[in-house]
Amino acid sequence: MKKLKPLASLFFLLLIITFVSACADNEETSTSPSNADENNNETAIDNEADTITLRASSGITSEHTWHIGFFQPFADTIESETNGMIDFEIFTAGELVPLGTEFDALRQGIIDISFTLMPPYDPQRFPYTEVTTLPLLVSDSKIATKAMHNMMHSDRIIADGKTYYELEFADKGLVAFSNPPSEPYVLTTTNQKFEEVDDFNESIRLRSPSRVHEILAGNLGITPLSMPVTDAYDALSRNALDGMFLSITDGVAFGVNELLKHTIEGANLGHFVGMTAMTQETWDQLPQEVQEMMTKAADEIIYEGANVWMEGTVIGKEDNIEKGGEYTHLNDLNEKVKDHINQAIVDTWFEWIDNLESQGHAGIEMAKLWRDLLVDAGASVPQEIMEIE
């Protein structure tokens, strides 16, 4: 055989290099539901050899209890169990999507999964989840987590032949998993102490995390100001707020402990629940085994997250006390003040129920479901609430 001339040899070598590079590129494709071709049913997502990147948003910092106790363990578990086939690109502290706007971001395809879908921030579209923020007598994150987990899986009909999950999430094209509910909310202030009933007055402005807390504030006789918790530090610093409804655990996470000086504990002013969610369309693009892994991980890690919340209460209280905070138990208050708070708790339940019923929602059925699940899990609610039929 004749030898190739030098130029011909070089040309042949370049062809081989080009072919090998093209093959390598095809073998290292990374896909994301956000970038999938909507008109092509045979997308690269269906190829289990590819990496599926899920763009995830969290409106809170990586130091928050939810991130430490649920979001990161959930992502790590899925990445590990899928041998890297699923990869989470996580944006925290509202870096990509501001807290409270995740629902629209999911529908617009800006993100694939939200770790902080906040139904209580959006009661017009999510009227039922704020039931978890109703005040109680005795509960904690473990109790509320068990009740919330059971409510997500409950087959009890709430309205129109549908369950809570169907009404709140499935009907909106969402697949959702509950984050572990917060520790009980407390009433905490910068300067004001509540030693007499008259100390509750409209000049006292408290940050309200939900519509339920606005009702509660009204029943207590103080002024609620609705704002995301991420704005609270600035408002407290400028004396635009006199205090907050807040879980003791969150005092550290949001850096407000140095500003909060007086806290009433022993009165459970509700739990706050957020959701980890994605659209049904994105969910359907995931392999079935990945769906099963996610469901299993969410159902298990939620209880581990509850433990992190409860440990955080101890840490948060100690940190607040070191910074000059003081705590008064409900039972140590003036008897009239104690009765005032307890009556406000009862009145808030009935007012919330009436509000939902007036809007055409099943307020009574939703309240009874949450009450029953709480009591089954070990919580205590006022006798007037137990008597609701």
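**Entry 1: contacts along the chain**

I looked up how far apart in sequence the contacting residues are. Among contacts in the chain with a separation of 6 or more, 74% are accounted for by residues 24 or more positions apart. I note that the model is predicted. I then recorded that the chain has 13 helices and twelve strands. Of its 389 residues, buried ones make up 52%.

**Entry 2: helices α2 and α10**

I next examined helix α2, residues 65–81, together with helix α10, residues 288–322. Their axes come within 9 Å and cross at roughly 150°. Angles over 145 degrees count as roughly antiparallel, so α2 is roughly antiparallel to α10. The crossing of α2 past α10 is right-handed.

I listed the residues that form this contact. From α2, they are Thr65, Trp66, Gly69, Phe70, Pro73, Phe74, Thr77, Ile78 and Glu81. From α10, they include Met293, Met294, Ala297, Ala298, Ile301, Ile302 and Trp309.

**Entry 3: Trp309**

Is Trp309 buried or exposed? Its relative accessibility is 1%, and buried means under 20%, so Trp309 counts as buried.

I then asked which residues Trp309 touches, leaving aside those up to four places away in sequence. Among them are His64, Thr65 and Trp66, as well as Ser141. Pro180, Pro181, Ser182 and Glu183 are also touched by Trp309, as are Ser247, Thr249 and Asp250. With Pro180 I found a polar contact: its backbone oxygen lies 3.2 Å from a polar atom of the Trp309 side chain. Asp250 is 59 residues from Trp309 along the chain, yet the C-alpha atoms of the two are separated by 9.0 Å.

**Entry 4: helix α6**

Finally, I turned to helix α6, residues 211–220. Why is α6 described as largely enclosed by the rest of the structure? The reason is that seven of its ten residues are buried. I identified these as Arg211, Val212, His213, Ile215, Leu216, Ala217 and Leu220. The elements that cover them include the strands β6 (185–189), β7 (205–208), β8 (223–226) and β9 (243–247), and the helix α11 (335–358).

I also inspected both ends of α6. At its start, a side-chain oxygen of Ser210 comes to within 3.3 Å of the backbone nitrogen of Val212. Just after the helix, Gly221 adopts a positive phi of about 100°.

Notes:
Residues numbered from 1 in each chain as written. Predicted model: local features only at pLDDT ≥ 70, side-chain atom pairs only at ≥ 80, totals over all residues. Heavy atoms only, no water. Axes fitted to C-alpha atoms, helices over the stretch in contact; angles between N-to-C directions. Helix = DSSP H or I, 4+ residues; strand = E, 2+ residues; numbered from the N terminus. Parallel < 35°, antiparallel > 145°, perpendicular 65-115°, else oblique. Left-handed = near helix turned anticlockwise from the far one by under 90°. Contact = heavy atoms within 4.5 Å. Buried < 20%, exposed > 50% of the residue type's maximum accessible area, 1.4 Å probe, protein only. Polar contact = N/O pair within 3.5 Å; in protein donor to acceptor, adjacent residues only side chain to side chain.
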